[in-house]
Amino acid sequence: MKRLIGIICVVLALTLTMTAIAFADPSTVNTSVEGTATVDGTKDEAYDAATALEFVQKGSSNGGSEVLSDPIGRAYIINDSEYVYVWLEVYDDSLDQASANTYEQDSVEFFWMDNNSKYQIRVRYDGSISADTGSDWADKGAEFVAVITDNGFAVEAKFPITDVKDNQIEMTLQINACTDGSRDYTCYILGNDDADNAYQRTSRDTDYDVWWTLTLAGEFEDTRVETADLPMELTSDNYTTVQGLKIGAQAYGQENVTWSNWTSVGSYTSVGYGDSVDISWDYDAYTFNGLFTEENTNGWTVNPALAIQIQDDGYLQLPDDAQTGDTGDSARFTFTYSDITITAEGYDDIVISGDTVTTRWTIKEEGGWTSGTSKAVDLLAPIMEATGLDLQGVVEQYLPSMKNISFSLSFDAFELVYPEDIDAFLVELDAEDEEVLASLQEYIDRVDAAEEIINNEESTLEEMEDALDDAKKAANRSTKAAEGYPKAEAAAQELQDRVTELTATVEAAQAAAEPAEEDVVEEDSSADTSSSSSSSSSSTGVVVGIIIVIVVIVVVVVVVVVTGKKKKK
């Protein structure tokens, strides 16, 4: 009996285990084990206890989320008290580096956060390294090595443990599988197919939250710097900027094999802050003609982009000297798009649910184009799901039948500031404006007093100049005090205009007090004549003096000679 019960327990245990395996959802939370490795491309024993993470899932865009029958790579992750270590072997018997684009060369990419900023490091099979972001990776203590193996190539890496929250960090790994100078697809661990958008995530505040989470071995303090979820502080300087902002929307298509052939298939429409707009794009049988082909979808295996792009309308700017990989302005936008209705002849309407989105956009220089300033609402996947067509069927049957896309778009908030917040701010600003306006009275009084002196015919020029000097000081101080307050600024400008008129009056008085030009010339001539006479008299006196001296000398000499002759006799 005991033996029978034991057998039943074993069977039940196996059954439960198989059930768990059969119905377990793909997980994007992975667990590290404790260990330290030497980063030389060789798999150390420290990795033996780590779980093998198999790369079997193609990217959602770069491969259509296809799950491979066999993995093209395996990764092992360990960590010590300072660093995460990764050893990843890629199985590839045809290594390719023909493309000029580094992301289209056989390589592995590493993503992690440091102080809420993305590090994206690409290691090619030949060992060369490029940093899409995080060019100071070596200064941070990170190391990367690649070696050729019998199966393809292996990459080993270590990077610092940063941005810890609840003993976890966010990261992801990506394999770029390439042949003949182009990328066939990107590859990820199971359940992480959306990670081919990992490059678009610049911080935890941005869209594309597609990285997986690594639970660290050991105990770590939280070091993640959380960004404050607070609205922007409105000031008299920035509220007008907010009121003038716009976002826009357009539909577009792009083949994702070489990331080219970007084509607008819906005219650009913008909407102002606090406003809403209805959008409707009409189509005919030729709209999508030649946009997607068997060739540029890699034999109908790589899903192209067919989406609505909602984007910033010019607010986000890069520095003038921005280089590839540099970022510029960053801001949070909140907008709502209604249900999107797609109509096509011969098919039922397709409705894509609307949404309200708050997202941080950060503009980035990508080398001739920019990223990070838009959100894409995918149309292709819902079309395929609703119609049951594969990619080729959608391109050849559905798209030529499309007639219209319609929805509405509203620009709700900027930096979590809503139109009602600005309305409340303007009420406060008006009250403060009245107070500042009242405080300008002392400057108005000083200009009034100066005007009275300057316009008084009995005032001396010196009194007028002193009065003008005080009026200028009063007007300038009023301008500074009134900055940002419309009513006060208008009053201060009025004072400046009055001072301009007073200045003209004083300058006229100064000109009237100066001697005429003819008088100045005559006086100068007299001075010259007097100077000439004086000079002439002086010269004559000198000559006479010289003559007298000579005569005296001659007389003395004669006397001496005569006296000498008398003594000789």
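Q: How many cavities of 30 Å³ or more does the count come to, and what makes a space a cavity?
A: The count comes to 2 cavities of 30 Å³ or more. On a 1 Å grid over the protein atoms alone, a cavity is a set of points where a 1.4 Å probe fits but cannot get out, and lining residues have an atom within 4 Å of a point. Grid points are joined across faces, edges and corners, and a volume is the space filled by probe spheres set on the points. This is a predicted model: local features need pLDDT of at least 70, side-chain atom pairs count only at pLDDT 80 or more, and totals for chains, interfaces and linings use all residues. Residues are numbered from 1 along each chain as its sequence is written, and side-chain values use heavy atoms, with hydrogens and water left out.

Q: What lines the second largest cavity?
A: Tyr199, Gln200, Thr202, Thr362, Lys364, Ser371 and Gly372 do, around about 40 Å³ of space. By class that's 1 nonpolar, 5 polar and 1 charged (Ala, Val, Leu, Ile, Met, Phe, Trp, Tyr, Cys and Pro count as nonpolar, Asp, Glu, Lys and Arg as charged, and the others, Gly among them, as polar).

Q: Why is α5 called roughly parallel to α8?
A: The axes of α5 (residues 419-439) and α8 (residues 486-513) cross at roughly 30 degrees and come within 7 Å. Angles under 35 degrees count as roughly parallel, over 145 as roughly antiparallel, 65 to 115 as roughly perpendicular and the rest as oblique, so α5 is roughly parallel to α8. The residues in this contact (heavy atoms within 4.5 Å) divide into 5 nonpolar, no polar and 4 charged.

Q: How do you know that α7 is roughly antiparallel to α8?
A: The axes of α7 (residues 461-481) and α8 cross at roughly 160 degrees, coming within 9 Å. That is on the antiparallel side of the cut-off, so α7 is roughly antiparallel to α8. The contact has 12 nonpolar, 6 polar and 2 charged residues.

Q: What makes α3 and α4 roughly perpendicular?
A: α3 (residues 380-387) and α4 (residues 391-398) pack at about 90 degrees, with axes 10 Å apart; they are therefore roughly perpendicular. Leu380, Ile383, Met384 and Thr387 of α3 meet Leu391, Val394 and Tyr398 of α4, a set of 6 nonpolar, 1 polar and no charged.

Conventions
Axes fitted to C-alpha atoms, helices over the stretch in contact; angles between N-to-C directions. Helix = DSSP H or I, 4+ residues; strand = E, 2+ residues; numbered from the N terminus. 1 Å grid on protein atoms, 1.4 Å probe; cavity = no way out; pocket = protein on both sides within 12 Å on 5 of 7 lines; lining within 4 Å.
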